[in-house]
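This report goes through a structure chain by chain and contact by contact. The sequence and coordinates come first.

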Amino acid sequence: MNLTKRSLFTGMLAAGIAAGGVVPAFAQQRVEIQFWHAMSGVLGERVDEIVKRFNDSQTKYAVVATNKGNYDEVINATIAAYRAKKAPQIVQIYERGFMAMLLSGAIVPVQDLMTEKKKQVDFSDFIKPVASYYQYKGKLMSMPFNSSTPILFYNKEQFEKAGFSGPADTWAEFEKQLYAIKSKGAAECGSSLAGDYFWSLMENYSTVNDQPWGTKSNGYDGLDTEFVYNKTRLVQQVTRLQKWVNDGIIQIAGQGLSPQQLFTSGKCATYFASTAAHGGIEREPSIKWSATYLPHEADLTARNSSIGGATLWVMKGHKSEEYDGVAAFLEFLAKPDLQVWWHEVTGYVPISNTAYQMAKSAGYYKDHPTREIAILQLNRGTPTPNSQGFHFGNYTQATFALREEMESVFANKKTPQQGLDDAVRRGNELLRQFEKLNAGKY
Amino acid sequence: MPAPAGSTRGLKRAHFREARLPLLLLLPQLLVLLLFFFIPALRALSQSFVLTDPFGNSVQFVWFDNFRRLLASPEYRASIGVTFWFTLAQNALTIVVSLVLAFATDRILRGRGFYRSIILLPYAIAPVIAGILWAFLFNTAVGPISFVLHGLGIDWDPNRHGIDAFLLVTFAASWKHICYDYIFLIAALLSVPPSLLEAAAVDGAGPLLRFVRISLPMIGPTIFFLAVMNFVYGFFETFAIVDAVTHGGPGGATMILVYKVYIDGFVHIDLGSSAAQSVLMMIFALVLTVLQFRYVERNVNYDV
């Protein structure tokens with residue numbers, strides 16, 4: 001009996017040693033940090049590069065980066081893992097998930113963690129639109145990582161062919177240009193409707209033109225916020241979009257086709273998209289393109305646009321030594337030289353002023369002028385309660401409802417006013433539900 | 001003399017003298033049902049009465065609020081309508097097309113196996129792939145079939161027109177399921193006694209008449225079985241196709257109930273509402289199946 005026990009033990013030991021031989025030696029001494037993200041393709045490779053650099057830079061911690069699908073899938077995987085008490089230490093969550101994460105009771109505020117672990121991060125150095133989006137009671141809740149903002153990409157040759165030097169500043173003039181481009185045959189369609197148009201052409205229309213999206217400073221001042229975008233100039237914008245769709249000025253790519261292809265193949269003359277689309281568009285040399293600011297209404301002053309993208313959240317319930325590693329990794333990420341590199345290889349904006357100045361003084365924007373548009377647009381003017389960001393609960397669901405209503409508008413099943421009214425009604429129900437669940441927490 | 005009902009009961013008793021053996025034989029199936037049906041169903045039922053945040057840190061018991069919210073929502077009612085028409089259209093299309101195919105290949109002598117293999121192929125294709133395939137073929141901007149339709153002056157645009165998207169999903173779902181129905185129908189047709197058909201042929205009935213008057217009534221039970229199966233398929237298993245082709249859009253035109261359960265539960269993590277929806281779906285499915293058996297089955301003749 002004793003003998004068999006011992007042989008079993010030695011057997012297990014042998015198996016352990018054998019397995020240890022396969023795993024890289026460092027994994028045994030190092031503290032492992034799980035990092036789930038939503039960056040696929042080239043972006044995913046860049047994340048792996050960052051992680052490798054960090055792991056090579058020290059010997060105490062090993063960050064393991066895993067792509068868990070798109071943003072929706074990452075937040076859902078995180079929730080499932082949290083419920084099973086197997087959450088990773090770091091997760092990348094999109095800006096729409098801010099309130100859900102903030103009030104989840106499942107996170108450690110990043111600024112608190114960094115202060116506790118005595119890490120040197122200059123939190124006042126983050127650019128304003130980024131900091132204001134992810135702050136709660138004056139503190140950053142998550143680590144800014146990949147931030148973008150929509151800009152207007154356009155086909156230079158097609159604009160010249162129609163007799164324009166470039167897109168106009170105002171929506172009214174820009175609209176005339178798109179109609180001219182189509183009627184003169186310079187391009188088959190004026191614009192390709194990106195999948196995230198609700199962000200680039202609706203939310204950012206509201207921030208640039210200082211129109212409220214919801215009451216209580218877009219939700220910053222309380223959970224009892226209500227959507228009001230059906231009573232603003234957005235109605236005019238949606239009316240315009242509906243007209244464009246009906247006149248074939250703007251093309252909806254639909255399932256199985258990427259909207260960006262419609263632009264890069266030269267079929268459509270413009271494309272409203274995230275500045276992070278730079279990475280992809282630059283790799284398609286078939287068209288001569290440039291980019292510029294989003295248009296604004298002629299009678300309104302253009303202000304800052306709003307950010308999109310994601311930040312890194314730290315999950316609760318891990319060991320202190322693991323949090324040491326998390327803090328070290330986040331400190332590493334916030335370093336300006338890494339920020340500059342990330343900005344240049346991906347197209348995301350540099351998230352700190354120092355990183356921006358570094359890229360600028362190195363002459364990066366002389367060779368890549370369109371890369372600077374996003375940050376200039378984000379920093380334009382003084383942010384107002386309407387342009388600092390969006391703090392709405394259940395916001396993914398509310399956005400889904402808005403998109404569904406917009407589809408009915410594009411199909412002429414509803415007028416722009418009806419569609420927006422219905423979206424607001426559905427959105428407000430979701431806000432009330434969120435308020436009920438989180439009463440007293442914000 | 002018709003066999004009295006008592007004699008069949010006597011037969012069963014003769015085969016199973018004690019209660020233990022049948023229970024033992026049933027056990028594996030009961031266990032599977034318990035694990036994969038009863039426990040999840042009970043959990044769904046208990047979930048449907050609470051409002052919970054995604055992370056599960058705050059849970060409120062809300063009685064029937066989730067159900068009330070659903071039934072009051074125009075979107076949910078629209079989804080019921082879409083599901084009804086979708087299931088009906090898909091069912092009719094699938095059965096009619098597979099009947100025609102079965103009828104046609106039944107009469108083919110040369111290369112019969114070849115035709116059958118081709119017709120069976122779609123069943124081997126994953127629903128997502130099938131969905132993408134259809135979405136691409138009918139894509140407004142680049143799809144070859146859209147190109148033809150536009151050439152014919154048809155304003156085809158599933159990205160905008162709900163009816164186009166609905167047709168597209170219905171076609172894709174039926175196409176995927178025709179093979180299933182076909183296998184059953186061809187087998188049923190083979191079991192129609194040739195003597196009857198030959199007798200009818202001698203009496204001068206053509207192939208079509210023989211099919212309608214003899215084969216069709218004889219394969220009635222199979223058709224009824226397939227109608228139930230198609231209904232279950234349309235109700236629960238077309239999720240992947242909708243996900244790949246339309247995502248439930250445009251404007252909810254293809255938002256069938258099962259896809260809405262998924263969106264609300266797994267994308268938006270509104271577990272209370274999603275659970276309430278699955279409970280309602282279970283009820284709908286039960287009621288419809290019972291209705292089918294009560295009213296449709298009455299007209300099916302099992303005795304021929």
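What is the handedness of the crossing of helix 10 of chain A and helix 12 of chain A? The crossing is right-handed; a crossing counts as right-handed if the near helix is turned clockwise from the far one by less than a right angle, and left-handed if anticlockwise.

## Basis of the model

This is a predicted model, in which local features need pLDDT of at least 70, side-chain atom pairs count only at pLDDT 80 or more, and totals for chains, interfaces and linings use all residues. Residues are numbered from 1 along each chain as its sequence is written, while chains are lettered from A and ligands numbered from 1 in the order in which they are written.

## Helix pairs in chain A

Helix 10 (residues 197-208) of chain A packs against helix 12 (residues 234-246) of chain A at an angle of about 150°, and their axes are 10 Å apart. Helices are DSSP runs of H or I with at least four residues, strands are runs of E with at least two, and both are numbered from the N terminus. Axes are lines fitted to C-alpha atoms, for helices over the stretch in contact, and angles run from 0 to 180 degrees between N-to-C directions. Helix 10 of chain A and helix 12 of chain A are therefore roughly antiparallel to each other; the cut-offs are under 35 degrees for roughly parallel, over 145 for roughly antiparallel, 65 to 115 for roughly perpendicular, and oblique for the rest. Helix 10 of chain A contributes A:Leu201, A:Met202, A:Tyr205 and A:Ser206 to the contact, and helix 12 of chain A contributes A:Leu234, A:Gln237 and A:Leu241. Two residues are in contact if their C-beta atoms, placed from the backbone, lie within 7 Å. The classes here are five nonpolar, two polar and no charged residues. Ala, Val, Leu, Ile, Met, Phe, Trp, Tyr, Cys and Pro count as nonpolar, Asp, Glu, Lys and Arg as charged, and the others, Gly among them, as polar.

Helix 20 (residues 395-410) of chain A and helix 21 (residues 416-437) of chain A pack at an angle of about 160°, with axes 9 Å apart. For helix 16 (residues 336-346) of chain A and helix 17 (residues 353-361) of chain A, the angle is about 65° and the axes are 8 Å apart. Helix 16 of chain A also passes helix 17 of chain A in a right-handed crossing.

## Domains of both chains

Chain A is divided into domain 1 (2-148 + 308-367) and domain 2 (150-305 + 393-437), with bounds that come from an automatic or database domain assignment. The C-alpha centres of domain 1 and domain 2 of chain A lie 32 Å apart. Their contact takes twelve residues from domain 1 of chain A and twelve residues from domain 2 of chain A.

In chain B, domain 1 covers 1-47 and domain 2 covers 66-299. The centres of domain 1 of chain B and domain 2 of chain B, taken over C-alpha atoms, are separated by 31 Å. Four residues from domain 1 of chain B and six residues from domain 2 of chain B make the contact.

Chain B has 14 helices and two strands, and its C-alpha trace spans about 75 × 70 × 30 Å along its principal axes. Of its 304 residues, 32% are buried; a residue is buried if 20 or more other C-beta atoms, placed from the backbone, lie within 10 Å of its own, exposed if 12 or fewer, and partly exposed in between.

The contact between the chains takes 31 residues from chain B and 30 residues from chain A. Helix 6 (127-137) and helix 13 (257-267) of chain B each supply at least two residues of the side of chain B that touches chain A. Helix 6 of chain B gives the most, with three residues. This side of chain B has 14 nonpolar, 14 polar and three charged residues.

## A:Val108

A:Val108 is found in strand 4 (residues 107-108) of chain A. With 19 C-beta neighbours inside 10 Å, A:Val108 counts as partly exposed. Leaving aside neighbours within four places in sequence, A:Val108 is in contact with A:Leu113, A:Val314 and A:Lys316.
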